[in-house]
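Dear colleague,

I am passing on the structure below, together with a short account of what was found in it. Please read the notes alongside the coordinates and look at each place as it comes up.

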Amino acid sequence: MSMQLSAHLPALQIVVPLIVAPLSLLLRNPRLIWMAAFAATATCLGIAVALYSQVLQQGEIRYFMGGWAPPIGIEYRIDQFNALMLILVSLVGTVVLPFARTSVDKEISRQRQPMFWTAWMLCFTGLLGIVATGDAFNVFVFLEVSSLATYAMIAAGKDRRGLTSAYQYLIMGTIGATFILIGIGLLYMLTGTLNMADLAARLPDVTQPRTLKTAFVFIVVGCSLKLALFPLHLWMPNAYAFAPSAVTAFIAATATKVSIYVMLRFFYTIFGAEFSFGTMPLGEVLMILALVAMFSGSLVAVFEQNVKRMLAYSSVAQIGYIMLGISLATTTGLAAGMLHLFNHALIKGALFMAIGAVVYRTGSAQLDQLAGLGKKMPWTMAGFVAAGLCLIGVPLTTGFLSKWYLVTASFDAGRTVIPVMILISSLLAVIYIWKVVETVYFKPALALKPGQEAITEAPLSLLVPLWVMVAINFGFGLQGSVIWQTVLQAARQLAGES
Amino acid sequence: MKHHSILRIITKLLIPLILLFALYVQFHGDFGPGGGFQAGVIFAAGLILYALVFGLDTASEVIKEWVLMILVPLGVLIYAGVGVASLILGGNFLDYNVLAHDPVHGQHLGILLVELGVGVTVAAGLTTIFFAFAGRGRRNPEGALITKAANPTQEPQR
């Protein structure tokens, strides 16, 4: 009757933040809540790292919720890929939370903060739950938990346009979740099971290929909506632009990435690569959409005047890169896509934190309002430029790494046009990042409006998290080969090669 | 409030029965149809009926909003607490077998407590949602409801 902590890590990964969510409504005091939230998030990071090392030592971890064995009970199943995803989500959470404390204090009224932190922790719980579970229906449940919390967080800011963009996201997100649910329902109808491994074992014997294909299409479209794949990305720019800064940094780095995880889980673990890329023309469809996303996203970003919206459109383009790697349908392509998934999460996290620090001081994310900030907020803007270099893919940075492997994977797959496309699209990224750099460093500062306080450097509580994130990015870039081997190993396991 | 005496008397007669039926659905849920969610909805329906017939001011004196704000998270904590208790007692998360000496007893106790948590949160949550909609335009900047008792001079808008 003794409790072996290490055996229960998959459950604790979800339970720890889940308990803090209702607790924050009871604690009332924003300081106490924040401390509880940070303790829980940092614990989650520790648990995720411990889980990854357990997976490396013992292989897949299986955990039966309530002691009920699958396929009847809900099973949590951790392999290398989702252990890495757990690390990503909790790492982003741990770095963004200290940033969020200061930023939220300014952007959300004190009475609303307990509820805001409840939503934040529920969102965090939901994202971790989606990643950890081995049950298809449980994925949907956690998807709803995290999405509903996200809608509330986006609407929580002072900007009332947040309300309409949250509503827009709510409608689109609900359609996406419903599509996923219909797909899962059809799979259940075909096989009588919801457990992922059990589904994978039973699907090859399915005698109604039409229902199976319908289920597949519903899930692909549902996931594409959630991950904002072109042309289903229209909810994203407004949601990112009008959400509180900390929320944008957090969800831009995690929510869409977790949706990509769900998609990959369905492609590889449940349907199998042979069905997804052989029977269904998924590779071709995804490749076209990914290429259009890379160009349309970057082009719109070039002409965008609000930096938060610009970064959101840049996300559309970057998600294009990730999907491009996946659409190659090779293991190296998959690994390159996954690597870009991790890199982009960290890069966008840093960029949105930098612009969040600007909003903290100036109250605006409009490009023309940023003029001359390079002198007033040198550290913030240097952080933006550093993360921007990663986004463009300058050698020695994370972005270079994943683009390099994307190019190699495309050559390996015999697609010689794609490297050119990647290069051109990266040049577009140079343009929109340069636009910001030009305004910030080479334009004279705006005169202060009457009654406006002089703009100074962002407080340390914003700068330190920002620079920690930037440092992680450059650390990744320097440890390139190690990171690549780690991701490649996870991709091989996902594709069933090891 | 002098009008609608039939409505008021019938409501007064019905509300105890509704609340009692909610408790029946709650605690008989492990043997028959029912459970925490259904019971919570029925219980909240009783409270909402009271608020509809007797007005928001009277209702908000009977059902304090701060109590609701404690009950909503409390139910979730009861649910999660059962899971943590089973973890500490050596089982998996939410493994009710270890909650009592006998696994059957443990299962019984576990589902009872978990459903109680669900019932508390659903009842309080639905009532909170009702108050949130019904109290629109009647809240001070701190988000508290402006009642006649707190502000006797100002007649709330209907």
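I begin with a pair of helices in chain B, where α2(B) passes α4(B) in a right-handed crossing. Please keep in mind throughout that this is a predicted model. Two packed helices are described by the angle between their axes and the distance between the axes. For helix α2 (residues 36-62) of chain B and helix α4 (residues 103-134) of chain B, the axes come within 7 Å and cross at roughly 30°. Since angles under 35 degrees count as roughly parallel, α2(B) and α4(B) are therefore roughly parallel to each other.

On the α2(B) side, the residues that make the contact include Gly36(B), Phe37(B), Ala39(B), Gly40(B) and Phe43(B), with Leu47(B), Ile48(B) and Leu56(B) also among them. From α4(B) the contributors include Glu115(B), Gly117(B), Gly119(B), Val122(B), Leu126(B), Thr127(B) and Phe130(B). Sorted by class, the residues of this contact are 16 nonpolar, five polar and one charged.

As for chain B as a whole, it has four helices and zero strands, and along the sequence these follow the pattern α-α-α-α. Of the 158 residues in chain B, 31% are buried. Among the contacts in chain B with a separation of 6 or more, 59% are between residues 24 or more positions apart.

Chain B also touches chain A, in a contact that takes 21 residues from chain B and 18 residues from chain A. The side that chain B turns to chain A consists of 13 nonpolar, six polar and two charged residues.

Turning to chain A, the domain assignment gives domain 1 (1-278) and domain 2 (281-498), and the C-alpha centres of these two domains of chain A lie 22 Å apart. Where they meet, 38 residues of domain 1 of chain A are in contact with 44 residues of domain 2 of chain A.

Which helices of chain A supply at least two residues each to the side of domain 1 that touches domain 2? They are α3 (80-107), α9 (236-242), α10 (245-271) and α11 (273-279) of chain A, and α3(A) gives the most, with 13 residues. By class, that side of domain 1 of chain A has 25 nonpolar, nine polar and four charged residues.

With best regards

Terms used:
Residues numbered from 1 in each chain as written. Chains lettered and ligands numbered in written order. Predicted model: local features only at pLDDT ≥ 70, side-chain atom pairs only at ≥ 80, totals over all residues. Domains from an automatic or database assignment. Contact = placed C-beta atoms within 7 Å. Nonpolar A, V, L, I, M, F, W, Y, C, P; charged D, E, K, R; others polar. Buried ≥ 20, exposed ≤ 12 C-beta atoms within 10 Å, placed from the backbone. Axes fitted to C-alpha atoms, helices over the stretch in contact; angles between N-to-C directions. Parallel < 35°, antiparallel > 145°, perpendicular 65-115°, else oblique. Left-handed = near helix turned anticlockwise from the far one by under 90°.
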